[in-house]
Every structure is written in C-alpha cells, then in structure tokens.
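Subject: Structure handover

Hello,

Here is the structure we spoke about. Please open it alongside this note.

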Amino acid sequence: MFRVFVSLAMAVLWTVVANAQPANSRLDDIIKRGTLRVGMTGDYRPFTYLDKTTSKFTGFDVDMAEALGKALGVKVEFVQTAWPQLMKDFEADNFDIAMGGVSITLDRQKKGMFSTPIMREGKTPIARCADKDKYETIADIDKAGTRVIVNPGGTNERFAKANIKNAEIKMWNDNVTIFDEIAKGNADLMMTDSSETRYQQKQHPGVLCAVHPEKPFDFAEKAYWLQRDIALKAFVDQWLHIATEDGSFGKIYAAWFD
C-alpha cells in the first residue's frame, strides 16, 4: 500500500513539475526565427528617421537595435508604425519590441514590459530664439494668442491638452517638418522631450532655441517597450548594462547627441 502511495505521489509530483516548466519564451522564438522585429515610427529625430526614398531607417535607436540584434545573433527587421497607432500595432503583435524614443507610460506598461530606462528627461518648450524668453513657464505659454503646435497620438499631445486651456493648440501630422512651422512663424512653440529640443536646436542654429531643457516641466524616461516576456526583458536589460559599462552605449549616444 505504501509503495502504491509513493508511486502515486511521485506521479503527481512529476506532473506538477512538467506543468511548471515554461513554454518557449519569446526570446527563444526570436532566436529560432532568426529575426528581431522592431517597431519604429521613423519620424522622431535623432532617435529614428525613415527616408521614404530609400525606405531606410537611421538614428540613435536604429543603431541600438542593430547592436541588440547582433547580441542576439539575429537579423533586425524594422516595422514602420506611427504614434497614433503604436498601441494597436503593439497589441496586434506586429513587432517584438518598440524602439525610437518611446517614453515610459503606465498605459503602455499595462500592455507590455519596459527595459531599463535609457534616458531621463521631460517636456520643455522650443521656440524661435528671439522669443524664447517669453515661454519660460506653462503660465507664460497658456495665454490667448499663443500658438502651440503639437504632433498627434503621443505624449506630446497628451501633455499639451492637459496643460493648455487658453492658448491655441495646432495639430501637425508630420513630426519631421513640425519644427519648420515654428521657424517659419506659423506657430510659436512646441513642447516636446528635452532631448528632441536640444537636437532640433542644433539643426536650426540661431533660429530655434530649446527653453531650459535642463529643467523640464515634468519627469519622464525613455526605454524599450517589450512584448510581455520575462526572458526577453532580462536579456535586453543585461545587454544594456553591458553596453553601458563597456562604452558601446556611450559611443552610439555621442554619435547622435553630442
């Protein structure tokens, strides 16, 4: 009787152990597939830019994606998306990871997992250099007659609508040419991530100026948005840690931001 009991107990134990073994992770699937699918908008310099004539992506996070693919031993497949449809494309599993200046939000966290943050910043204005002293605070900006331009579908739109009640909000669908609208005088300013204001200031020297990018209005972090898979997140986090310590992250960063 005792032997029967032991045999039954062992059978139950092995069943539990077998059922506890995780199925193949997404990390396993990526390696087996030989391809890492990376979602990018292609309209957020210097993180990502898609040249429509060549269909080629360039940017900081493009270089980072290629480095991640190399670390995984797989090819990188870039999947174009857009800020207004980023969440839908993520939920549809159109890519394994979203890169290209993606900010951490709780709404996105509900749907997936974020890597270790790669950048800390926040929203700050960029305006014509002659006018930059007019827009030091939200109160300075939120006045009748001020034209705040914003691209739809992302954290810039949410920030503007949450803080601007009296100024005019102008929607502009092309995030690549939106800064030219400020330079031309068709809008007064844009509030966006401080890293982007610093970059666009360099692209429009003497014309556009970032307003206190070292002291943004709020707190935000950028990271890589992963489909929910612990093994994949662990790999990406370890890769980022090594890249930070061995200097490879710094080299890619310096090429685009310094």
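Below is what was found in it, by topic.

This is a predicted model, in which local features need pLDDT of at least 70, side-chain atom pairs count only at pLDDT 80 or more, and totals for chains, interfaces and linings use all residues. Residues are numbered from 1 along each chain as its sequence is written, and side-chain values use heavy atoms, with hydrogens and water left out.

Disulfide. A search of the whole structure finds one disulfide (a pair of cysteine sulfur atoms within 2.5 Å). It joins Cys 129 to Cys 209, S to S 2.1 Å. The pair links distant parts of the chain, 80 residues apart. Cys 129 lies in the loop between β9 (123-128) and α6 (138-141), and Cys 209 in strand β13 (residues 208-210). Helices (H or I, at least four residues) and strands (E, at least two) are DSSP runs, numbered from the N terminus. The link is right-handed, with 90° about the S-S bond. Cys 209 is buried at 13% relative accessible area. Cys 129 is partly exposed at 22%. Buried means under 20%, exposed over 50%, partly exposed in between (1.4 Å probe, protein chains only).

Asp 237. This residue sits in helix α10. Asp 237 counts as buried, at 18% relative accessibility. Not counting residues up to four places away in sequence, Asp 237 touches Ser 115 and Thr 116 (contact: heavy atoms within 4.5 Å). The side chain of Asp 237 reaches the backbone nitrogen of Thr 116 at 2.7 Å.

Helix α2. Just after α2, Gly 34 takes a positive phi of about 85°.

Best wishes

Terms used
Polar contact = N/O pair within 3.5 Å; in protein donor to acceptor, adjacent residues only side chain to side chain.
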